[in-house]
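Subject: Structure for your files

Hello,

Please find the structure below. My notes come after it.

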Amino acid sequence: MSSPTSTPGGRKRGRNTNPSTPSSEGPTSPPSQRRRGQDSSTGDLMPMPTSPATDMLSPAAPQDNSLLSSPRPSVLPNEVDMSSPLMYGTPSSRVEGTPRSGVRGTPARQRPDLGSVRKAPQVDLQSDIRYSPFLVQKRFLQRFIDLTSTEDENAGLDLNEPLYMQKLEEISVVGDPVLNVNCLHVQSFDAELYRQLICYPQEVIPTFDMAVNELFFERFPDSILEFQIQVRPYNALKTRNMRNLNPEDIDQLITISGMVIRTSQLIPEMQEAFFQCQVCAFSTRVEVDRGRIAEPSVCRNCNTTHSLAIVHNRSVFSDKQMVKIQESPEDMPAGQTPHTTIVYAHNDLVDKVQPGDRINITGVYRAVPMRANPRQSNVKSVYKTHIDAIHFHKTDEKRLHGLDEDAEQKLFTEDRVQTLKELAAKPDVYERLSSALAPSIYEHEDIKKGILLQLFGGARKDFSQTGRGNFRADVNILLCGDPGTSKSQLLQYVYNLVPRGQYTSGKGSSAVGLTAYVMRDPETRQLVLQTGALVLSDNGICCIDEFDKMSDSTRSVLHEVMEQQTLSIAKAGIICQLNARTSVLAAANPIESQWNPKKTTIENIQLPHTLLSRFDLIFLMLDPQDEAYDRRLAHHLVSLYYQSEEQIEEEFLDMAVLRDYIAYARTYINPRLSEEASQALIEAYVDMRKIGSGRGMVSAYPRQLESLIRLAEAHAKVRFSEKVETIDVEEAKRLHREALKQSATDPRTGFVDISILTTGMSATARKRKEEVAQALKKLIQAKGKTPAMKYQQLLEDLRGQSENAITKELFDEALRALADEDYLTVTGKTVRLLA
Amino acid sequence: MMPSTHDWINNPLGVVEGMFAASQNNPNSGWEAKAVEFFKDHLKEKDAHTWVPSLNDVPLHYLKPNSLVKFRCLIQDMFDPEFYMGVYEAVDPSTKAKVLRCGKYKDVTECGVDFDSRNTVTAERQTFYCVPIPGENPWVKESYAGSSQARVVPSTSYAPTRQKRSYEEDDDMDDMDTQMQREPHTGPQSPTEQHGNGDCKRRETEAPSSQTAPASHLDLNFPLPGEKGPSCLVKVYEDWDGFKLNDTLEVFGILSVSPALSALADKKDASSSLLDPTECMETAEEQRVHSPPASLVPRLHVLYAKPLPHNNPLLPSATLEDNSAFLSSTLSEMASVRAELLTFLTPILLGDALAAEYLILHLISNVYSRRDVLPLGKFTLNLSGCPTVASYTERFYQIIQQLVPSSYYLGMSLQNMNQMRFVPKKDYSANRLVSGALQLARNTSLFLDETQLEQGQLDTAGVRNVTALGNLITWQKVDYDFNYHQMEFPCNINVLIASEGRSLLPSDCQIHLQSQITPPHMEEYLSSIHVHPQASQLNKFRMYLSVARLLNYSISDEVTKSVEDDFVDMRKDDPQSISAEDLHRMLVVARLLSLSLGQTSLSRDSWLRAKHIELLRRSRMEQHTCVNGNEP
C-alpha cells in the first residue's frame, strides 16, 4: 500500500485510451506543465457535468464479459470498480481479503454523497494523482497543528499536538467513523491539495478516506469500527452565498449558508440491484447509475435471455433525503426574493437538519440534464441542479443555550477594519456616530447617544460562580413623550440597523408572541417550540412600540427578561429556560395623549415602577419650544425635502459603516474597568446618594450604579478602547443625569427624585399623602360617633378645613390609606368606620 | 403578409442563429451582445415597438410561436436561476454530422443532443414569473391596444402540424374557461374567441383531455382577485440582478409555447416519475407552478426589457428629460388643466372645492425618496364624511379609475378584512410567492372604502391585514411573509381612504367632506353626477396627472429661509399650533401644490397658498371636532 495511487492511476489510463477522452499526457512531461494543462482542461470540463452516455454502458459490458469467468459473481461489480480511486480498497477487499489489517477487516460504506466515479466526468486525473494527494494528505493528517484553534469541537485537545491525529484517537474511543476536516487547515498546510480538493472532490476525498483509514488502522490496529472512516471536509471558502453559484461551480466542493425550509421523507435509494436468474438461480449485481438500472438481458451462466428478475430485499439501498435550503435573509439584496437550492443528504446526514435551521452546508454542486423523454426527440435544454451534502454545520444550534461566536463573527476585510479603526481614532467619534444615527430625526442628541450606547452594550460578566448569575450587559431604554415626536421612527431605524432586531407593537403583541409558545406542527404532529420576539432578538434589540398599550400580563413577562435576561416557559410539557439577552428599546405615549408637565413620569405613562426601574435610561421626547430650536428644525426638515440623495450621503456616515462599526466593537472590544474609572464610579454613586439624603430622600439605588457601569463600558466600546477610563464614566454620568433630569424630576418640587421611578411616587408626594390621611382621620374623629358618612360630604369638609387644595385623587388615596389601617371602609358613596 | 424587413419580428431566432453561426469561426466575436444590440436598435426605430404584437392584447393563440412579442408586466415572483445548454452538439438527422447549436432563447433542444460533448457550454439564466400589471384600468389597456400596429393574422398559428394544433386549442379552451369564470361578457374579440371555442369543442374528442385537467386547476397567482390576462415565465439572460420584485417592465422577447414543455410536465404525472428519483423530489405543486403548460403560461425569452417609469399610454415613451418639447408644452398648460380638473372633481366631491384640491394633490403624490426609514413624498388622504347612500364611494372610485392608469377598490368589509390575503406569503411546498392584494406596482391607487366596515370581530388574519395596511400607509412598505422570517419590500402606493368618521387607519392628511347638498336630495344628486366627460378632456387629465408626478422639484435657499421664518413665527405665537409633523405635511402639500401647477421649484406664493389651504383644512377639522365631540 505504499503508493496505492499508482494503481488506479495506471488503470485509469487504461480506460482513458477509449476514444471519448482525447488527450492523455505523456508521463514524462514536467509536473508543473502538466498541472497547467490540467487547469485548462478543467475549464473545458466544467460545462459538461455528465459522463458520456455511451461510455456508461459500453465499456462496462465488455469488462463484465472479460471477468465473467470468475466463479464468484458477487464480487463482479466491485472488481470492475477497482479501476476507480473511489472504490479502491473498498468492498472488494472485504471478500478477497484475509483480515490481516484493520482496513481490510472493516467494511467500507458507499459514499452516495460523492456518487460513483463512473458518473463523474472523465477527469484526467493522472497528473493530479501523480502529484500524489494521498501522501500529502497523510502528511497533513500526521502533522497539522492548529495553534489558534478556537472551535468548540476541539475543546479538550492539545493544541500543540497534531490535531487530526488526536481526532483519530477520539474516533477510536467513540467509534463514530467520521472525520471532519476543516478546509482552511488544508489550505494553510498545502495550497495545491486544497485546490484539488475543491476542484475534484469526487476523486480527492476518496483518497483522503484511504489515507485516513490507513493511518488509523496503523495506529489502532485492534479497534473495531462499523465502517471505514469517512472524511468530511467543511468550510470550503469557494462560495459563501447561494446567489453567487454559477455554472463554474458544478462538480466542485462548495460551502454555502442558508436556512432549511423543507425536508422530505426518507427515500431509500437503490445503490446496487440484485438480479437472479429464474432458470439457474445465478445471481448478479448491477450498480445503479443515474437513477437507472441496466438490467442484464442475458444470464451469463445459462445464456437464457430475459430470465433475470430483481430481488429487492437483497439489493443494496442507501438513505437519502431531499433538503431544501433558502438564502438567509441577511445575504439578500433588497427587493429580490430569496433563492432556494435542493440538497441531497445521504446516509447518516439524513434527518440531521430540521426546517428553520440555519446551516452551513458543504457539498458537491451538481447539474443533471433533464431526462430525455423516450417518446420525444427533443428535450428541455435545462439542467437540474442540486448539492450532494457532505457536511452540515448548524449555525444557530447554540443560540438557545449560549453565545455562538461563530455565527456572530462577521468577517471584516482588512481594509474595512482599517477604516473602522481610523474612524475610532477620531476624537469626535462619539458625536459622529450619534449624529449618523437616524439622521432624518432632528436633534434629540442625548437620546441618540443613549441609543448608540445601547447598540454597543456593556461588557458581559459572569458571576455565576459567586451565585449572582450573569450580569446584565444590555442597556434598556424607554422613550416617552408626546405623540408625533418621531419615537416610532427612531424605533424603526434601530430595528433596521441591527442584524438581530425585532419590532413589535405593544398593542398587537401577546405574551406568547413575545416569549415563546409550543405549537403542534400540522404535518408531523410533533410539538415544536416557536420562539417569540424577545427570544428572537437574543443578542439584538427588541423594539417595542406603544409600550403603554401592552396588557399587564404581557408586560409581566418583561420583568424576567429585563433583569435576569432569561425566559422561563412551562407549557404543554415543555419546561425550559431560554436566553433572551436582548436590549429593550421601548416607546410609550402619555396616558392623556399629551404629556402633562405637572405630573411625574409614572403618572403620565401609568407603567408599574417595578418595570420602570429596569430601564437604564428613560428619556422624554418633548417639544422643546424654543425659537432657535424651531429654526434649526425647520431648516433640517426643509432640506430633507429638496436635497438629493447624494448630498445626504455626503453629510452623514453611511448606515453600512455604522453597522460594521457596531458589529466590530461588539465582537472584538471587551473593555474592563480601570482603577481610576472604578474610583470615579464610586464617587458618582456616592454623589447621587448624597443629593437626596439632605431632604430625606434616596436618589440612587444599586441598580443605578450598575447602569452607570454599563453605560461607561459601552462608551469605551465606542472608542474601541479595551479600558474603561474616567472620560467614559463622565459621559455615562452625564447621560444618566440628563435622562434622570427628564424623567425623575418631581414636578412639585423641581428636584430629581429617583424614588419616582423606584417606588412610583416621589418622596414629597408620599409625605403629602400621609399628611392628608392624618388630617382626614382627625376630621372623622372630630365628628364623633357617626358610624357612616357621605363621601361627598366628607370631601367637602376636608376641603374646607385644609389650607392646601385637596384633589379628589388625593382624597381617595387618603381614604385608601386609612382603609389599609382598618380604620374605615368605603362602600359606594358611604364611608363607614370600623370598630 | 409582412414585408421581409420584419423578419426580425417574425423569426427572431433566425437572426440569433445567423449571428451564432457567423461567430463560429471567430470565438471572440461577442455575438451575444451584438444580437441584443441588434434588437435594441431595431426597436428604437420610429414606431418599431408598435409593430411588435403584445401578449397583453392579442390572444395567445393568435401569436406565432418563436416570434418576437412584447409584454407589459409586473415581476410577481423570482424563481431560482437555471442552468441550460448555451451551446450543444447535436447530430443532424439528414447528414449524420455533428453540428453545434445555440441553445440561447430556447426552451427545447433539437433532437439528437450529445450530452457528453466537450463542446457543450452551460450557461445561466434567471426566470421571473410575471403577471399583467395589477389593477390596470380598461382605458390603459384599450389605449395600448389601439396604438398597436402589429398585424396578427390568426391563420398563422393554424398552419403547423396537427400535433401542435391540439395544444393550441387546448390553450384556447383554458383561456376561455378562465375568462368565462371571471368575466361573463367577453371583450370586443368575442366573436373570434367564440369561434375558437367552438372549434375546440369539435375536436375535443381527438385531443386527449387529460392534458387540460392539471392546467385548468392552475392558479395564475394574480395579486388582485378578478384579474385576467396571461401570465408569463420570463427568462432573463443578462443583468438579472438589476430587476426587483414588483418592478413594472415592458419585455420584448421570443415567445415559446412549445408543446414539448407541457408534454414533459404532463408525463411526470403519469408513469416516468417512478424511474427518476431526481425529478420526483419536487412536489406536484411545485412542478405545476414552475413548469405549467406553455399553452397557459407561455415562456418569453427576453431580448430587451424596458423598465416602465409610468404606465400611461398617452405619454411619449421617451423620458421627460429627453423630450423637452413635450415637457415645455405640457408645463405651460398645466395650470389651466388643473383648473379644469378642479371643476370636474368638485361636483363629484359634493361641491367641496377644497376637498377636490386635496384630491388632486393626492393623485399626483409619489414617494420620491427615502431617508433611512422615512418615505418622503407620500400623501395618504383620508376623505371623511363620505355619504353612505347610493353607493357614493363606488361611484367616486369609478371616476378615479377613469383618471389613473392603475387602481384597485378595496371595500373594507369585515369579510374582506378577515378573508382576503393582503400580504404575499411564500408557499414552500409549491416554492412560490403566493400573491396578495398589497403586491402592487408603483403608483397604483389603492382606494380603501371604510364605509363598508361594519361592527363585528376581526380575527387574527383581519388584525394582521389592518396592521399591514397601517404599515403600508406609514412606512410605504409591506412585510412579505416568508414563514420563518419576514422580508420588507418597499412600495409606492397611493392610498385613499373614504370613511364616514375619521379612519381607523393612519393617514397623512384628513379632510372632512363639506357637502353642499342637503341629505334629502343626496340620492337624486348622486345619480345625476354620473358624468361622462369627453374623451379628449379625460385624456388631458390623465396626461396631466402622470406628468405632474414625474416632474423634478427643488427649493431655493431663499424660500427655505422664508419657510424657516414662517415656522418660527408660527411657533412663537402658539407653540401648540404647529408641530414638526405639521411642518412635514405642509412641506409635502407645498411640493405637491407647486407640481400640480407645473412649477418645478417652490415659490413664495405656492408656500403661502399651501399654508392657506392647510389652515382651511385644519379649521374645518376643529369645527368638525366641536360638532362631534367624542371624536379624538
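Predicted model: local features only at pLDDT ≥ 70, side-chain atom pairs only at ≥ 80, totals over all residues.

Residues are numbered from 1 along each chain as its sequence is written, chains are lettered from A and ligands numbered from 1 in the order written, and side-chain values use heavy atoms, without hydrogens and water.

Cavity. There are 16 cavities of 30 Å³ or more (sets of points on a 1 Å grid over the protein atoms alone where a 1.4 Å probe fits but cannot get out; lining residues have an atom within 4 Å of a point).

Buried helix. Helix α18 (residues 487-497) of chain A is largely enclosed by the rest of the structure, because 8 of its 11 residues are buried (under 20% relative accessible area, 1.4 Å probe, protein chains only). Among them are A:L490, A:L491, A:Y493 and A:V494. Helices here are DSSP runs of H or I, at least four residues, numbered from the N terminus.

Helix pair. In chain A, the axes of helix α12 (residues 191-199) and helix α13 (residues 201-219) come within 6 Å and cross at roughly 120° (axes are lines fitted to C-alpha atoms over the stretch in contact, with angles from 0 to 180 degrees between N-to-C directions).

Regards

Terms used: 1 Å grid on protein atoms, 1.4 Å probe; cavity = no way out; pocket = protein on both sides within 12 Å on 5 of 7 lines; lining within 4 Å. Points joined across faces, edges and corners; volume = space filled by probe spheres on them. Buried < 20%, exposed > 50% of the residue type's maximum accessible area, 1.4 Å probe, protein only. Helix = DSSP H or I, 4+ residues; strand = E, 2+ residues; numbered from the N terminus.
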